[in-house]
Amino acid sequence: MNTIEVNNKAEIFSTEIRGEIDQWVAKYPADWKQSAVMAALRIVQDANGGWLTTELMNDVAAYLDMAPIAVYEVATFYSMYELKPVGKHKICICTNVSCMINNSERVVEHLEDRLGIKLGQTTEDGRFTLKEVECLGACGGAPMMQIGKQYYENLTPEIIDSILEGLE
Amino acid sequence: MVNEVCLRTLDLDRPWRLEQYQSRGGYEMLTRILKEKTPPDEIIEEVKKSGLRGRGGAGFPTGLKWSFIARNAPGQKYVVCNSDEGEPGTFKDRDILRYNPHQLVEGMIIAAYAIGATRGYNYIRGEFWEPYERFETALKEAREAGFLGENLLGSGFDFELHSHLGGGAYVCGEETALLESIEGKKGQPRFKPPFPAHFGLYGRPTIINNTESLASIPMILKEGGPWFADIGVKNSGGSKLFSISGNLNNPGVFEIPMGTPFSELLEMAGGVKGGRKLKAVIPGGSSAPVIPGEQMMDLTMDYDAIAEAGSMLGSGAVIVLDDTNCMVKVLERMSYFYHEESCGQCTPCREGTGWLYRVVSRIENGQGRQEDLDLLNDVAARIGGRTICALGDAAAGPVAGMLKHFRDEFQYHIDHKKCLVGAG
């Protein structure tokens, strides 16, 4: 498998991003830089408004001495990486069994109505994306959703409204 | 006897802080082991005596797993914690990470000492940001206190521990997929043998244990294996964290002795919401075959009792369903999950989970055919036992249980093109 040749790795990414990725690289054996690929993809995705371009994935490959295909494999396998633009706030709604029987359908409907989009879509102003996700391990607070890094549990339409109004 | 092991600091203010953990004797066991240079074999023997079985769902005896490692073989060995909690209905490890992360850290250090490992990773599911931050803070505190790093407490034993964040893939809860994921690859399970004890992370001997299993270790060693075993019942030592959710007044995580009657657990969880009738229980995560409510009320929460009833205790994730639920719809949602999460490596799982979902879905949506009921059982039987990992079995498992106990609902959907429950 071919890797991308770069002359100067300092030209890839900003100093901050390189610093963050390097912290993850340091956690793994010296000859296993590839172990940091999941963290690197997460870091560059966050810095790019929540999604990964092919160019960014190639940069990650170059930075970690990986073949681009190996990075694409990871980026396409795990559901938290986005390969298309997403809204500023990605709203992930769990609809798995415990949430479903606690009326997650009402959560989905309410958000769809309020935002005027369906699951999998992004509002025209680029502020919100609705995404259906599998069990997030917070079934005691069903129905629940995640926005950014935060979990929101025991949702009702009123609680959802107040959460959305509190977002920038 | 509740909250005796993993949740024993839950009543404290900010129980996740080092000083709070130490106020309850935290890190005393580790300190004693390092000072006295306890022979590793003694530790492994004690864990065996405790009857602790893997709390992630498979129930494999933890002490036995540790004994598979050739601890004196040269080279790097690893301890890996599986905090990739993803089995639908399970939310207990999240609470350990949030409220008692130091006990997990102490358990992992002791495990490393017992098998001769100097490095460890805790694989935390990517969505668990708050738990990850709590665990990271605990690592920092432990490092500053000299419990992590080189030459721990002057013992000559080194151990370094890091988190690894997942990216949203249920299959990474399978231990070899998890190892692949730490290595920076797609999380596709490895063919076994070789098992991780011989060829694990980076090809080195590795033990992988669930969060709850490892967090139980300090108390097992402090109070003794028999103490832990006696909390529970035969073949099911100890207490266990049950995540109970569904149609309940007070869902949550309860740490109670193995062998506790389900009826008592249901009571702790506030009973069925709205006083409605208990219809069915999925006793061990969505992979566990469903058990009718009436039968469940006579069962105790331990490996043997649930297995004898034709299901499994799994991760201790109890999903309670009241009589307003359509079981066809429940199975449809579960089948969708396994189809969505199949890693695609083995044909029976990749194709079979799609078949299961599509057939259950057409029954649910009034397009079922009479032969579909046999077809479902047939497809499930062709997945089970024919794949590299247990995800295929997990997808197949619920089907037979649903058709056995709630066949009339499936039949009604086929005959009347609508739902028996609430005529929905």
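In the predicted model, the side chains of Glu105(A) and Lys329(B) meet in a salt bridge, with a distance of 2.7 Å from N to O. This pair belongs to the interface of chain A and chain B, across which five salt bridges are found. On the side of chain A that touches chain B, at least two residues each are supplied by α2 (37-47), α4 (68-77), α5 (97-100) and β2 (128-133) of chain A. When the residues of this side of chain A are sorted by class, 20 are nonpolar, ten are polar and eight are charged.

The contact as a whole draws 38 residues from chain A and 55 residues from chain B. Lys27(A), Phe77(A) and Ile101(A) together supply 16% of the area that chain A buries against chain B, which is more than any other three residues supply. Between them, chain A and chain B bury about 3800 Å², and 56% of this area lies on carbon and sulfur atoms.

In terms of class, the lining of the largest pocket divides into 17 nonpolar, 19 polar and eleven charged residues.

The second largest pocket has a volume of about 1100 Å³ and is lined by 46 residues, of which Ser79(A), Met80(A), Lys90(A), Cys92(A) and Lys131(A) lie nearest its centre. The elements that each supply at least two residues of the lining of the second largest pocket are α2, β1 (89-94), β2 and β3 (145-147) of chain A, together with α14 (327-341) of chain B. Of the elements concerned, α14(B) gives the most to this lining, with four residues. The lining of the second largest pocket consists, by class, of 18 nonpolar, 14 polar and 14 charged residues.

How values were computed: Residues are numbered from 1 along each chain as its sequence is written. Chains are lettered from A and ligands numbered from 1 in the order in which they are written. This is a predicted model: local features need pLDDT of at least 70, side-chain atom pairs count only at pLDDT 80 or more; totals for chains, interfaces and linings use all residues. Side-chain values use heavy atoms; hydrogens and water are left out. Contact means heavy atoms within 4.5 Å. Buried area is the accessible area (1.4 Å probe) that two parts lose on being put together, summed over both. A salt bridge is a side-chain nitrogen of Lys or Arg within 4 Å of a carboxyl oxygen of Asp or Glu. Ala, Val, Leu, Ile, Met, Phe, Trp, Tyr, Cys and Pro count as nonpolar, Asp, Glu, Lys and Arg as charged, and the others, Gly among them, as polar. On a 1 Å grid over the protein atoms alone, a cavity is a set of points where a 1.4 Å probe fits but cannot get out, and a pocket is an open set with protein on both sides within 12 Å along at least five of seven lines; lining residues have an atom within 4 Å of a point. Grid points are joined across faces, edges and corners, and a volume is the space filled by probe spheres set on the points.
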